[in-house]
Amino acid sequence: MDKSRQRKPQKKLNVSFIKHSKLVWYNELIVWTLTVLVWIYCLTVLYYFVDSIFNINHEYATLFRTFFNMNINEVRDFIILAVVIFLGIFSITFMWSYYNKIRYRNKYRRTYPKMTTKEDLLELNILDEKDYEQLQNEKVIVFEKNPIKLVERK
Amino acid sequence: MNRVISYMATYVFWYPFIMSLVWIAGSLVFSSKRATDKDLDIEGIDWPMISILIPCYNEESTIEETVYHMNNIAYEKKEIILVNDGSKDNTSEILHKIAKEYDNVKIIDCKENRGKASALKLATFAAKSEYLVCVDSDAILDSYAAHYLIAHFLHKGERLAAVTGNPRIRNRDTLLAKLQIVEYASIIGAIKRSQRVWGKIMTVSGVVVAFRKKALVEVGLWDHDMITEDISISWKLQEKFWDIRYEPRALCWMLVPETLIGIWKQRIRWAQGGQEVILRHWRVILDYKHRRIWPIYYEQWASILWDISWVVVTAYFFITAESVKQLIIWLTFSSFALVFMCLIQLLISLIIDSKYDKVMRYFIWGAWYPFIYWILNALIVIFAIPRAIKSRVKGGYATWTSPDRGNLKKS
């Protein structure tokens, strides 16, 4: 059922859907300045862990480890724990997916449902037949009041 | 007291940390086993007729463009049904004009405002086809999105009730819009992919979803008294053992709020909708037959518990802090670890999602996520709790308000 790439022209069309907003230069200046500050923090965080993983022991990362009352081994142990947890979760998720694939691959537990009929819809008892016919057959329908009846949920 | 706070603080750290690993693992498994990069053999399939349902409330600025693009999508056998749900602007007049312009467009002009669920019900009764593609009135479908959605029903889709698509953001200039690009691509996308691997999905995306009419009728159509009809219908369908799938190739381009007030109102709605659903559908935990939805159900509660714990723990530390050092919550090992994890999750999810839309460049804005969004989302959930409880007790129609469509330039 799958075939290759007739969608490339569509990607160009999708770009035309992008809308532009009204921007104020001083707002943008503030946003970019704060973004730089936020990234300084994020890069510090990244370096803190990279330093521990590769045992670099740079003084900048050491400064934070001292601040947190931690040593490099404790940070590395934490990262190892995170990797182990991730591998556990990934394995379970992968096996669950594989199990479902094996279990349901060749099972057709229902036949295809039949098409919905007028009777099926009217059995809901939330719309009169007259309104149903109008909705089905007219191109422009105007209601002063919404004809859908309020039915309490069972 | 200290022991309780200590437990809560432990939970505040480990819950998002573990869940981040869960979303990464789920996304990777989905991408490796379920997502295909190939396109459909459009000509090789006898495509059934579809009805595109577009409920409208105060949509005078967007609806003409939406119908124009919807009419031009590659899917040939289609009808478009527009429902005006008592709009207060010129939507009604515009719909009548559109009906004259397009042969395949039907309009239902309802003067009374009764909410999106009632509008969708009306459109369902008007639809001639078995497959209903529901789209928001500010959204534009990718030309082949409908094909991708409907193909699922035709291929081993006997249990399938709904296929939800992949929302893309059209307004991309402001900080809040950029943050939402990252969020839709990495957080919402990762959650949908993971939940699909688990087998159940918390919610379809109301902005783009295809339904089988038979399944909708079996569960009594949408709930009029739930604030988010998409979350509610997802649970009703899955409670009746209908399947829901996620199709990342079915792109739908939409506008998102670009003001804090706009995003606050939208997210309060989402949070309230999620809480209303878990309050209404609590009986699923009593029935072993519903065990596959238990992880989704408990995860919702765990998430609410995290939000409450975060607020309590943060407030406690601020009140009891004895030095400035203790007040800087971002300079703790826990914060470092969570930010590190968050950046990894955003990066991996953006790489996965960039197959469908060029979103990698927005990673630079992802750095804001742990600063703004976690705090904002925690507060939103707290504010939504009393609303959800009140709504469950009071009942009535969940009507809608005009959404924030961004701070756009006039074209």
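**Where the chains meet**

Tutor: Glu65(B) makes a salt bridge with Lys19(A), with 3.6 Å between the closest N and O atoms. Salt bridge here means a side-chain nitrogen of Lys or Arg within 4 Å of a carboxyl oxygen of Asp or Glu. One caution: this is a predicted model, where local features need pLDDT of at least 70, side-chain atom pairs count only at pLDDT 80 or more, and totals for chains, interfaces and linings use all residues. Residues are numbered from 1 along each chain as its sequence is written, chains are lettered from A and ligands numbered from 1 in the order in which they are written, and side-chain values use heavy atoms, with hydrogens and water left out.

Student: How many salt bridges are there between chain B and chain A?

Tutor: Two. Over all chains, the whole structure has 24.

Student: And how many residues are in contact?

Tutor: 114 of chain B with 87 of chain A (heavy atoms within 4.5 Å). The two chains bury about 9400 Å² between them, 64% of it on carbon and sulfur atoms. That area is the accessible area (1.4 Å probe) lost on putting the two parts together, summed over both.

Student: Which strands pair between chain A and chain B?

Tutor: Strand β2 (residues 140-143) of chain A runs parallel to strand β4 (residues 105-110) of chain B, over four bridges. Ile141(A) sits opposite Ile108(B) there. Strands are DSSP runs of E, at least two residues, numbered from the N terminus, and two of them pair if DSSP finds at least two bridges between them.

Student: What's the strand order in that sheet?

Tutor: It's an open, mixed sheet of nine strands: β2(A)-β4(B)-β3(B)-β2(B)-β5(B)-β8(B)-β7(B)-β9(B)-β6(B). β2 of chain A and β6 (140-141) of chain B are at the edges with a single partner strand each, so one side of each has no neighbour in the sheet.

Student: How do β5 and β8 of chain B run, parallel or antiparallel?

Tutor: Antiparallel, with five bridges joining β5 (residues 131-135) to β8 (residues 208-212). Val135(B) has Val208(B) as its bridge partner.

Student: Switching topic: which residue does Lys77(B) meet in a salt bridge?

Tutor: Asp46(B), at 3.3 Å, N to O. The pair links distant parts of the chain, 31 residues apart: Lys77(B) is in the loop between α2 (63-71) and β3 (78-85), and Asp46(B) is in the loop between β1 (39-40) and β2 (50-56).

Student: Last one: what domains does chain A have?

Tutor: Domain 1 (23-103) and domain 2 (114-154), with bounds from an automatic or database domain assignment. Their centres, taken over C-alpha atoms, are 55 Å apart.
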